[in-house]
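Please read the numbered points with the sequence and the model at hand.

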Amino acid sequence: MDDASNLAPEVRETAQRIADMEIRGAATIADAAATALGAQAAASDATTPSAFRAELDAAARTLHDTRPTAVSLPNALRYVLNDIEGDTVAELRQSVQRRVATFRDDLDDAQERLGRIGAGRFTDGDTVLTHCHSTDAMACLEAAVEAGTDLEAVVKETRPRNQGHITARRLRELDVPVTLIVDNAAHQFLDDVDHLLCGADSIAADGSVVNKIGTAGLAVSARDRGVPVVVAAQSIKLHPKTLTGAAVKIEQRAAEEVLDEEARADIGDIDVANPAFDVTPPRHVDAIVTEHGQFPPESVVVLMRELFGERVEEPWSDSGPSLNDG
Ligand code: RUB
């Protein structure tokens, strides 16, 4: 039966935590979504293969509908649900669980490999400017530090959610000296840094990089000052649907993230816009670092075709329950 009442509690909980940004960042969201599909497979008491598949599709829809911009989420769901094999519920369950385990291992491997490749961009004494918190970008910095490279970091706060604080804490743990700055100070610091390093939520076929709001303006400034703009993004961030002309949807988040009730009461009735991501055109990006090597943004399409071909179907995408149903 394809309804929300068959959703495993782990699926509901994961979906809620992604929507609330307790689970955040494209790679972490992908990992959590795949894990939740595994939980759905384990919890299912479906008695027929078609009922089992319908439950997984419903779980995938619920997870998919949480946040629209990071393509790692549908890519993870597609990876787990495409090519599951079996004639019985038990075989299908095992197949899902194998695919979840492989997906998660591959995700870890990819990040490690990408980190080693990205680390090669840094030399002793370099200062790196970061934006938001990206585990792919951190993997490059971690690998560099592990290899003995002396780095410093200028970390942007990244309003409104201050993900820069997570980056600052992680860099402190690595003994990298950190200077935290407000977002508006970034331009001024570009003369003091050697690299701009950020992650990505989605990369389009033309090499445009969709990442946390503020990336695009920062990349323009960095380019103007001759600071290389490096995007660390494992291949799960490549958006296969953009091969066929689809646009990446930019998430608009709640006004309360920008203006709390007290401030609103003080200012009066105004509109607040809170786009969570923006699009950096390929001409402002020097390199995209993936687990398959570094690419000029314009050539990332070759990798995209190689990895995804034209397989962009979403087996879960018929209408079905959302978080608020059931
Ligand atoms: C996070 C963000 C990160 C990318 C890459 O936005 O924009 O730069 O997701 O992260 P939010 P990672 O905090 O709104 O999810 O490299 O960890 O996948």
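**Notes on pockets, cavities and local features**

1. In the second largest pocket, the lining divides by class into eight nonpolar, three polar and five charged residues. The coordinates under discussion are those of a predicted model. The volume of this second largest pocket is about 230 Å³. Its lining is made of 16 residues, and those closest to the centre are His64, Pro68, His239, Lys241 and Glu314. Helix α4 contributes the most to the lining of the second largest pocket, namely three residues.

2. The protein chain is split into domain 1 (4-113) and domain 2 (116-308). The contact between the domains takes 23 residues from domain 1 and 30 residues from domain 2. Because both domains give residues to the lining of the second largest pocket, this pocket lies between them.

3. The largest pocket holds about 530 Å³ of space. It is lined by 19 residues, with Tyr79, Phe103, Ser235, Leu307 and Phe308 the closest to its centre. Two or more lining residues come from each of α4 (72-81), α5 (89-119) and α11 (300-308). The largest share, six residues, belongs to α5.

4. What is the make-up by class of the lining of the largest pocket? There are seven nonpolar, five polar and seven charged residues. Domain 1 and domain 2 each supply at least three residues to this lining.

5. A search of the whole structure returns three cavities of 30 Å³ or more. The largest cavity contains about 180 Å³ of space. Of the 21 residues in its lining, Arg24, Gly25, Ala26, His133 and Asp201 lie nearest its centre. At least two lining residues are supplied by each of α2 (26-43), α6 and β6 (209-212), and α2 gives the most, with three residues.

6. By class, the lining of the largest cavity comprises seven nonpolar, eight polar and six charged residues.

7. Helix α7 spans residues 164-173, and its buried residues are Gly164, Thr167, Ala168 and Leu171. Why do these residues fall on the same side of α7? They cover an arc of only 100° around the axis, which places them together on that side. In general, an α-helix has 3.6 residues a turn, so residues three or four places apart point the same way. On the other side of α7, Arg169 and Glu173 are exposed.

8. The packing partners of the buried side may be traced next. The buried residues of α7 pack against β1 (126-130), α6 (135-146), β2 (151-156) and β3 (178-181). In the loop that joins β2 to α7 lies Pro160. The peptide bond from Arg159 to Pro160 is cis, with omega near 0°.

9. Asp175 is found in the loop between α7 and β3, and its phi is positive, about 65°, although Asp175 is not a glycine. Is Asp175 buried or exposed? With a relative accessibility of 62%, Asp175 counts as exposed. Met21, in the loop between α1 (9-19) and α2, is a residue other than glycine with a positive phi near 65°. At 7% relative accessibility, Met21 counts as buried.

10. Arg305 is a residue of helix α11. Its relative accessibility is 45%, so Arg305 counts as partly exposed. Leaving aside residues up to four places away in sequence, Arg305 touches Leu243 and Glu310. Arg305 and Ala216 stand 89 residues apart along the chain, and their C-alpha atoms are separated by 25 Å.

Notes
Residues are numbered from 1 along each chain as its sequence is written. This is a predicted model: local features need pLDDT of at least 70, side-chain atom pairs count only at pLDDT 80 or more; totals for chains, interfaces and linings use all residues. Side-chain values use heavy atoms; hydrogens and water are left out. Buried means under 20% relative accessible area, exposed over 50%, partly exposed in between (1.4 Å probe, protein chains only). Helices (H or I, at least four residues) and strands (E, at least two) are DSSP runs, numbered from the N terminus. The arc is that of the directions from the helix axis to the C-beta atoms. Contact means heavy atoms within 4.5 Å. On a 1 Å grid over the protein atoms alone, a cavity is a set of points where a 1.4 Å probe fits but cannot get out, and a pocket is an open set with protein on both sides within 12 Å along at least five of seven lines; lining residues have an atom within 4 Å of a point. Grid points are joined across faces, edges and corners, and a volume is the space filled by probe spheres set on the points. Ala, Val, Leu, Ile, Met, Phe, Trp, Tyr, Cys and Pro count as nonpolar, Asp, Glu, Lys and Arg as charged, and the others, Gly among them, as polar. Domain bounds come from an automatic or database domain assignment.
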